[in-house]
Amino acid sequence: MKKLSDLTSRGRGERRKTVLQLVKNTFNEQSKRLKNYMKIVKEINALESRYQAMTDEELTNQTVHLKERLEAGETIDQLKAEAFALVREASVRVLGMRHYDVQLIGGLALLDGHIAEMATGEGKTLVASLPSFTKALIGKGVHVITVNDYLARRDVEQIGEIHRFLGLTVGLNIPDLSPDEKRAAYGADITYGVGTEFGFDYLRDHLVNRKEDRVQRKHHFAIIDEVDSILIDEAKTPLIMAGKGSVHEGLQTVAKRIVSKFPSDAYEYDEEIKAVSLTDKGISIIEENFAIDNLFAAEHQVLYHYMVQALRAHIVMKRDVDYIVKDGKIELVDLFTGRIMEGRSLSDGLHQAIEAKEGIDITEENKTTAQVTIQHYFRMYELVSGMTGTAQTSRQELLKTYGMDVVQVPTNRPKLREDAADIIYATKEEKYDAVARSTKEAHARQQPVLIGTTSIEQSFAVAEALDTHQLSYQILNAKTVDQETDIIRDAGRHGRITIATNMAGRGTDITLDEIAKEAGGLFVIGTERHESVRIDNQLRGRSGRQGDPGKSQFIVSLEDDLVRRFAKDRLEKVLKKVKSSPQGPVTLKEAQALLSYAQETCEGTGYSIREELVKLDDVLHQHRLVIYALRNQVLEADEIQDMVLPMVERTVERIVDRYLSSELVPEEWPKEEFQFAMNELLHDEVPLPDDLEQPEEVKAYYVDIVSSRREKWMEELKNPVVDELIRDQLLASIEEHWTEHLTTMNTLKEGIHLRSYGQEQPVRMYEKEGFEIFNYTIAEIEYPVAYVLQRLSEYIMLDEEIEEMELDV
Amino acid sequence: MFNRRKQIILEAEAPENTGLYKPRLIFTEDMLIEKEDEYLFRYHANQLPDLELNQLSVEALQVDLSSSPISIVALFRNTLENSFHVDGLPLLVLDEANRLIGRKVLTTEDIPEFVPMSSMPCWLDFSEEELFLAEEERFPEKIRLLFSLEETHDLEIPPDFLDAEARRVRQTFYSTPTLKNEEVNVMNVWNDRSENMLTGLFLIRNGYEQTIQLGTLPLQLLSGEQVLQSLHVSLTSPIEARTTRAVKVVLDVSEWHDQEMLQFRVAQG
């Protein structure tokens with residue numbers, strides 16, 4: 001079996017070799033692109049006076065004019081300078097805000113489908129107003145994806161003013177809208193909302209039974225704010241629409257009982273990739289407990305699934321890090337924001353396994369009925385672009401995986417933040433003490449301090465250290481989510497000390513008061529390096545907004561989880577040297593190198609996992625596209641004959657394939673079973689003629705029989721009642737078997753890394769086995785349709801009887 | 001929750017050479033066992049202590065409160081050498097305090113046949129009449145099942161008994177050792193005062209091999225230990241041989257409305 005970490009280290013080596021070359025190339029590309037954008041900015045600037053001279057009404061009319069020119073054949077490229085200049089003038093009139101030149105550059109990068117990297121506080125929201133307007137002129141809708149509902153609402157009100165002024169419509173897409181409200185929001189020229197909601201609407205649109213019930217239009221252009229969070233940080237969490245299924249509580253409890261008594265050599269926990277697997281010992285314990293021979297036998301897949309989920313709940317999922325228990329319920333914690341993920345739950349029984357672990361009431365299981373990763377959702381857009389303050393360090397990944405390049409937009413005002421060098425301690429205890437001391441010093445001069453942590457657990461450790469120094473502070477974590485915005489907004493007040501999990505309150509401005517500014521601005525202290533430099537930068541970026549003063553520094557230790565998880569092998573060597581040195585910060589060069597190594601390994605591992613996940617999800621995505629296309633056809637096709645009649649033929653052929661093999665002589669064929677299955681489908685006694693000796697001949701014979709019924713069905717399908725019956729049957733069949741397919745594919749994915757395939761790549765195997773499963777799913781979807789079609793008269797009669805009964809009642 | 005669904009599995013567990021046997025787990029076709037249930041049965045069958053030869057054992061695995069009124073999933077294990085039926089074998093349900101809370105006479109409908117040397121899961125549906133808990137009491141999740149080998153009398157409960165009263169009578173009847181031959185016994189099961197009426201429930205148990213005619217039931221009305229009144233309740237019909245009859249006495253006690261702790265007692269002699 002190939003471990004992900006092996007792949008990672010090789011990948012890392014290769015990457016290093018090409019770093020220099022990349023830097024050079026990047027620099028060239030970047031400067032060329034910027035030069036080009038500067039040229040267009042000049043054009044925009046030159047147009048400014050023309051629009052300034054226009055009345056409000058004339059400006060509004062410009063929108064109509066631009067639309068007409070597009071219709072007449074001009075391209076966005078040809079119009080963009082005018083469109084940008086128009087938005088800039090409208091913004092001045094409506095909001096009193098004029099786009100800076102650098103904001104125009106950002107807008108142009110977005111219009112090209114790039115990621116515009118702009119420092120925090122550079123007015124990204126205003127930047128998005130430019131390409132969103134320009135692309136909306138096409139009339140196919142533009143989606144602006146915000147970090148949360150609050151910001152979506154704010155943008156609709158504020159930035160929407162510009163668009164409305166220019167005669168476009170603006171929609172707000174938030175959860176819990178009625179379908180009509182949703183349709184109105186999507187029908188608007190520009191629609192704001194949170195990415196997950198757009199993804200869920202897509203899934204919901206593929207669960208409706210009438211095309212009129214759908215809410216989305218085709219996916220045209222999207223601008224994603226904090227694009228790195230969406231495409232990288234959340235890459236591992238798919239959006240899942242779930243129906244309720246019940247978990248077997250008894251088996252869950254037993255599974256928990258067994259794994260909680262596991263000795264440490266019963267499983268292997270790979271902290272790097274947070275994956276746990278059973279050792280031979282663990283496997284034997286399970287086999288003994290259930291008196292089975294081979295846990296990995298196909299027939300024991302169900303048991304395996306329960307045991308692995310129990311093990312994950314027990315070993316991988318940590319209380320107060322991955323989840324909290326609140327009011328007798330498991331609430332998941334977003335590892336990047338530290339926020340509770342409201343209403344989110346883990347699927348496939350893992351959530352219930354955690355409930356069993358914590359001994360709280362077991363809820364119903366979420367049975368996945370539709371699933372898409374947010375990345376695949378956005379890949380369906382004709383063009384996607386994004387904004388963030390921190391993407392450059394992940395440029396390669398974004399380019400390779402999503403084909404989006406990062407354009408670094410120069411800052412409008414020079415950055416005044418001082419990013420001080422890391423201070424490293426040998427132990428966590430010393431680290432927290434140093435954090436408290438640094439905080440105390442800053443506090444003494446009334447400088448506001450924001451201490452970033454990576455988990456709730458760590459927040460409490462920091463709080464304890466501050467208590468020792470008698471410092472009072474605000475603590476912000478998933479458990480106090482209600483006050484999040486208030487606490488973050490006030491974090492810039494002089495003398496304020498705030499402890500927050502790293503991304504808490506992202507999107508909320510930390511505003512400094514005068515005394516705080518004079519005291520040096522916000523001092524951000526990082527207490528542990530994050531999973532990537534990019535996230536470290538996100539934390540630093542909380543300070544020094546829009547030319548404000550500020551400082552950032554990481555105070556870390558060699559005992560940090562990141563080091564333990566990703567640089568265990570090298571740690572010992574460094575520790576030996578450290579021991580001989582006196583107390584205080586570790587000044588060894590090797591220590592700094594070790595931290596960087598740990599972070600790089602973590603980044604590399606994360607990248608490999610995401611890369612692999614994307615590939616695995618690609619397989620399922622292809623299946624989804626086929627199924628959804630079929631579903632759309634059912635909803636949209638005027639007539640369904642051409643769709644369903646071949647299903648009957650294929651079903652007949654499958655029955656032949658299942659029972660009759662060309663490798664056997666006809667005497668050895670299980671004719672009785674075959675005949676039963678065929679008669680059952682055809683709803684008729686159609687004996688297998690004795691003179692047929694090849695399965696292909698048998699297929700031809702039975703296909704002929706169903707073809708002879710074709711005319712009759714064609715006629716029947718003209719009856720709207722029959723048409724509706726067949727469509728409903730097909731939709732129900734798709735829903736049922738697609739849900740099953742998702743479960744099976746998830747189980748397959750779960751097991752794919754635990755099975756050895758010799759030289760074969762797991763992804764390749766997943767694709768191969770997935771294809772077989774998909775064929776089976778298609779067969780399962782088609783069978784009931786073929787079955788009903790053979791006995792239409794009975795179904796129609798039954799329907800009529802039911803209606804009569806209802807009338808009687 | 002155990003569900004009755006889907007497929008059939010047959011697995012055998014070889015007995016060990018220790019004089020102790022682990023009966024093989026058997027699922028019959030009509031059980032329609034779900035895969036998850038199969039593992040639970042496997043687990044429990046595996047955890048239970050081995051049996052000596054010629055033993056019959058029953059283990060409650062789960063109380064299913066979702067079925068009305070309740071269903072108990074039990075594992076029946078035997079090390080008997082021949083197949084046998086359990087028609088008429090009473091099964092007692094005890095709570096953690098060993099209080100009798102249910103009794104069911106097993107029939108071939110519950111368990112068609114015991115396969116020799118086997119463990120077999122069984123769903124036992126209990127009717128209202130087979131459960132003895134008071135209405136407000138919740139059926140406990142932890143219970144014990146026992147076979148009752150004791151022969152019991154027939155129990156006659158007149159139709160005017162309320163459900164709750166019948167439950168009390170049954171619980172007392174089945175919790176009390178069966179009467180010896182040639183003995184008659186009268187027991188006060190329960191007294192309940194509701195406003196001005198006092199209701200007393202009694203069991204008259206006839207241990208004789210022949211019908212008896214008691215004529216009257218001598219009672220005393222007490223307030224604590226103080227006798228307020230003696231009464232004779234007439235019993236019109238005879239009590240059949242080896243039969244216990246439940247009797248309900250209702251008395252207007254408005255005369256003693258200021259008295260507390262009113263109760264009946266069977267008069268001695």
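**Close-up 1. Exposed and buried sides of helix 26 of chain A.** In this predicted model, Asp704(A) and Ser708(A) are exposed on the other side of helix 26 of chain A from Val698(A), Tyr702(A) and Val706(A), which are buried. Because the buried residues fall within an arc of 70 degrees when seen down the axis of the helix, they line one face of helix 26 of chain A. An α-helix has 3.6 residues a turn, so residues three or four places apart point the same way. The cover over these buried residues includes helix 24 (641–659) and helix 25 (671–682) of chain A.

**Close-up 2. Contact between chain B and chain A.** Eleven residues of chain B are in contact with eleven residues of chain A. On the side of chain B that touches chain A, helix 1 (residues 35–47) of chain B gives the most, with seven residues, and the residues of this side comprise five nonpolar, two polar and four charged.

Close-up 3. Four strands of chain B, in the order 8-13-10-9, form an open sheet with mixed pairing, in which strand 8 (154–156) and strand 9 (184–194) are the edge strands, each pairing on one side only. Neighbouring strands of this sheet are turned by 20 degrees against each other on average, direction ignored. Strand 10 (residues 197–206) and strand 13 (residues 243–252) of chain B pair in the antiparallel sense over ten bridges, and Leu203(B) has Ala246(B) in strand 13 as its bridge partner. Helix 2 (residues 163–175) of chain B packs on the sheet, where it touches strand 8, strand 9, strand 10 and strand 13, and its direction makes about 35 degrees with that of strand 10 of chain B.

Conventions: Residues numbered from 1 in each chain as written. Chains lettered and ligands numbered in written order. Predicted model: local features only at pLDDT ≥ 70, side-chain atom pairs only at ≥ 80, totals over all residues. Buried ≥ 20, exposed ≤ 12 C-beta atoms within 10 Å, placed from the backbone. Helix = DSSP H or I, 4+ residues; strand = E, 2+ residues; numbered from the N terminus. Arc of directions from axis to C-beta. Contact = placed C-beta atoms within 7 Å. Nonpolar A, V, L, I, M, F, W, Y, C, P; charged D, E, K, R; others polar. Pairing = 2+ DSSP bridges. Axes fitted to C-alpha atoms, helices over the stretch in contact; angles between N-to-C directions.
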